[in-house]
Amino acid sequence: MRNALGSVDTVLLLGGRSEIGLAIVERLVRDGASRVMLAARGGAAPTEELRKLGAEVHVVDFDAARPETHAALIEHAAATLGDLDVVIPAFGVLGRQAVYDDDPVAAARDVAVNFGGHVSAGLAAARRLREQGHGTLVVLSSVAGVRVRKANFVYGSAKAGLDGFAQGLADSLHGTHSPRSSGARVVVVRPGFVIGRMTEGMTPAPMSVTVDAVADAVIDALRSGRQMVWVPGRLRFVFAVMRILPRALWRRLPR
Amino acid sequence: MTVLTGWGRTAPTPARLARPRSADEAAALIKEASRRGVVARGLGRSYGDAAQNAGGLVLDCTALTPSWAHDPNTGLVTASAGMSLHDLMAELVPRGWFVPVTPGTRYVTVGGAVAADVHGKNHHVDSSFGAHVRSLTLLTADGATRVLGPDDELFWATVGGMGLTGVIVEATFACVPIETSRMRVDVERTRDLDQTLDVMTATDDRYRYTVAWIDLLARGGRMGRSVLTRGDHARLDDLPSRMRRDPLRFAPRPRLSAPPWVPGGLLNRASIGAFNAVWYGKAPRARRGVVQGIAPFFHPLDGVGHWNRMYGSRGFVQYQFVVPFGAEDTLRRVVERLSGAGVVSFLTVLKRFGEGTPGMLSFPMPGWTLALDIPAVQSGLAGMLTELDGWVAAAGGRVYLAKDSRMSAAVMAATYPRLEEWRAIRRRIDPHGVFHSDLARRLCL
Ligand SMILES: Cc1cc2nc3c(=O)[nH]c(=O)nc-3n(C[C@H](O)[C@H](O)[C@H](O)COP(=O)(O)OP(=O)(O)OC[C@H]3O[C@@H](n4cnc5c(N)ncnc54)[C@H](O)[C@@H]3O)c2cc1C
Ligand SMILES: NC(=O)c1ccc[n+]([C@@H]2O[C@H](COP(=O)([O-])OP(=O)(O)OC[C@H]3O[C@@H](n4cnc5c(N)ncnc54)[C@H](OP(=O)(O)O)[C@@H]3O)[C@@H](O)[C@H]2O)c1
């Protein structure tokens, strides 16, 4: 249960080796979370650090590309951890657009992870959160989906789909204080370029941030109840402009 | 679904709220409960999440067969669990009787008083509410209604059991005869914490009711300076003659209410600081034999309804702990830490506890208890209170469940030594865990 000062007891990380995901989990554990489940392909994830901080850590096998397993995984997590206070689907793949252009099947497969996997896992988690009457789903969207660019439009369009899905889900669960609220909520996170494993070898875009900055911003939002987080915050204003840029101009942007 | 919070207005969660009017209606509702379970709720005066059940059922017990009976020969009162101590006092006081224990507000139900085993200013001589209860009627998970007495284990799992053994339907408890509805009160100020503890240790036993209000803002040599208010029920000849005509009159002034739109954060650092300075400043150095009504003596905060709204939408946290006698050093460290951190608390209250009850999760034990309110927005609060929990636990003390909204399950398990015994009884009486609450989930009860 989330306590009066915003600390939680349990965390479920889907994509249990995600750098951003683990950075968020570590902060939640430092803040008092005592039971964690890391769900990752092949059932292997780094547990040592979290255990050292005093958490009870469970690791299970999870494949985002197999939606038929997602509901059972959520039930298993709730049976193991108790009520799910924070659920973080942090899986994702960032393929190169050039590769996708030549391999449409690979593109569709990644979209199935980046979008489809979030739909099945997100809906299964939401069902549980709604039943338990509390809990937060942290959705890692991206500015890549706010306005899709030609340089990575397969990844970007999947993120656009995910972003729309997350907002729709948030509205269907409704804010905490309304009398008809389900008590559950969704935080949508829109990072820009994050310097880390996923973007290794790429030249950082302007206003890039670190994994830690993203994790800090998420923790902030969990405390304050904010539902939309841009990292860094000023991307919100940048994209207010980007969104209305004439198409002809947008098309010509270098990246 | 209705979104519920405790008095501190933190951590809201939705639940289905039902209002049974009889034990049968309550039993029918319990039978239909989902796997999220059910918990009873009284007047919601516990500060945290004890009377909340996210996604489940909450039984508002305030309409449970309103009835009460009093036997003037034995002094025993039988009251339905939903009755408030306010309503009970309005009946009893004019007849020359008083409840055995009253918390700092009259707006609690009999059920809530038993479930939290509440204490009052008379704890050092009279112990807590449960010590005065002769029998309880408890509706359990199987739908049965059991009448329990102090010889039953389940009785002591229920007293202080925070609603997790079942729904209390009715209680019979011993009341106290009074000659008048007034209190005869001595007020004095102390210089610092040492003097506060010394005076209370030396002379508390001369009074039935005692409490110290501590000025947490005072630092250095004046740290822990306090105003002691101690008194007894006034005898008829304590009253000035004009009051003797109607010595048992009980008519607390109608309440003002803080409107729902009260600006958030009205109670902030500056206003609370000013209040504290004035309070200490206006207290007489020493005044004896002041005649006061029951309401201003026991329930000063009840004068303003919904005063909890004044802390703003983020709400506030109440921290109350007890440390055993002999752990005065811990108490001193805590007071130092709080005043050093610039914690502003509207009312910080220190009290000496006497013997506890056999309630397995009851809070009181012989020692010192300190209670304070802190706005939830105070920065660094979570970490500081966790640190204090550690000191309290190390000293053999504990934190009060009816006030708690943020303790960890580990601290709970380390500080309530009879938790396992209580769990075993709960498993037996409620094997499927029908009775459940946010507090129970948070503390892994
Ligand atoms: C201003 C103020 C001052 C206070 N001062 C004191 C004090 O001096 N000493 C002290 O001990 N406490 C004090 N309290 C706390 C208060 O006395 C307790 O929290 C009490 O339990 C509240 O009763 P309630 O009827 O509002 O119960 P709620 O807050 O609604 O519920 C409290 C607990 O009792 C259970 N419960 C309620 N009714 C039933 C029932 N019929 N059957 C089974 N379980 C039930 C609930 O499940 C919950 O666990 C104070 C509170 C306030 C707001
Ligand atoms: N990094 C950025 O610049 C950036 C920017 C905006 C948004 N995001 C989003 O933030 C989230 C987390 O990213 P990150 O930076 O933490 O990257 P990361 O460290 O690469 O984490 C992504 C994780 O997803 C896992 N994964 C991929 N496919 C999976 C599948 N089919 N089933 C289960 N797990 C799968 C990966 O597993 P393996 O360990 O097996 O590879 C990896 O652990 C992603 O959704 C990402 O799109 C990242």
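**Exercise 1.** How many residues surround ligand 2, and which are the closest?

*Ground rules.* This is a predicted model: local features need pLDDT of at least 70, side-chain atom pairs count only at pLDDT 80 or more, and totals for chains, interfaces and linings use all residues. Residues are numbered from 1 along each chain as its sequence is written, chains are lettered from A and ligands numbered from 1 in the order in which they are written, and side-chain values use heavy atoms, with hydrogens and water left out.

*Solution.*
- Apply the cut-off: a residue is near the ligand if one of its heavy atoms lies within 4 Å of it.
- The shell holds 25 residues.
- The closest are A:Arg17, A:Ser18, A:Ala64, A:Tyr155 and A:Lys159.

**Exercise 2.** Find polar contacts (pairs of N or O atoms within 3.5 Å) of ligand 2, then its cover.

*Solution.*
- A polar backbone atom of A:Ile20 sits 2.9 Å from a ligand 2 oxygen.
- For A:Arg41, a polar side-chain atom is 3.1 Å from an oxygen of ligand 2.
- For A:Lys159, the corresponding distance is 2.8 Å, again from a polar side-chain atom to a ligand oxygen.
- On its own, ligand 2 has 890 Å² of accessible area (Shrake-Rupley, 1.4 Å probe); the protein covers 90% of that.

**Exercise 3.** Is A:Thr47 buried or exposed?

*Solution.*
- Locate the residue: A:Thr47 is in the loop between strand S2 (35–40) and helix H2 (48–52) of chain A.
- A:Thr47 counts as buried because its relative accessibility is 14%, and buried means under 20% (1.4 Å probe, protein chains only).
- Leaving out residues up to four places away in sequence, A:Thr47 touches A:Leu38, A:Val57 and A:Val59 (contact: heavy atoms within 4.5 Å).

Definitions and conventions: A polar contact is a pair of N or O atoms within 3.5 Å; within protein, one must be able to donate a hydrogen and the other to accept it, and residues adjacent in sequence count only if both atoms are side-chain atoms. Helices (H or I, at least four residues) and strands (E, at least two) are DSSP runs, numbered from the N terminus. Buried means under 20% relative accessible area, exposed over 50%, partly exposed in between (1.4 Å probe, protein chains only).
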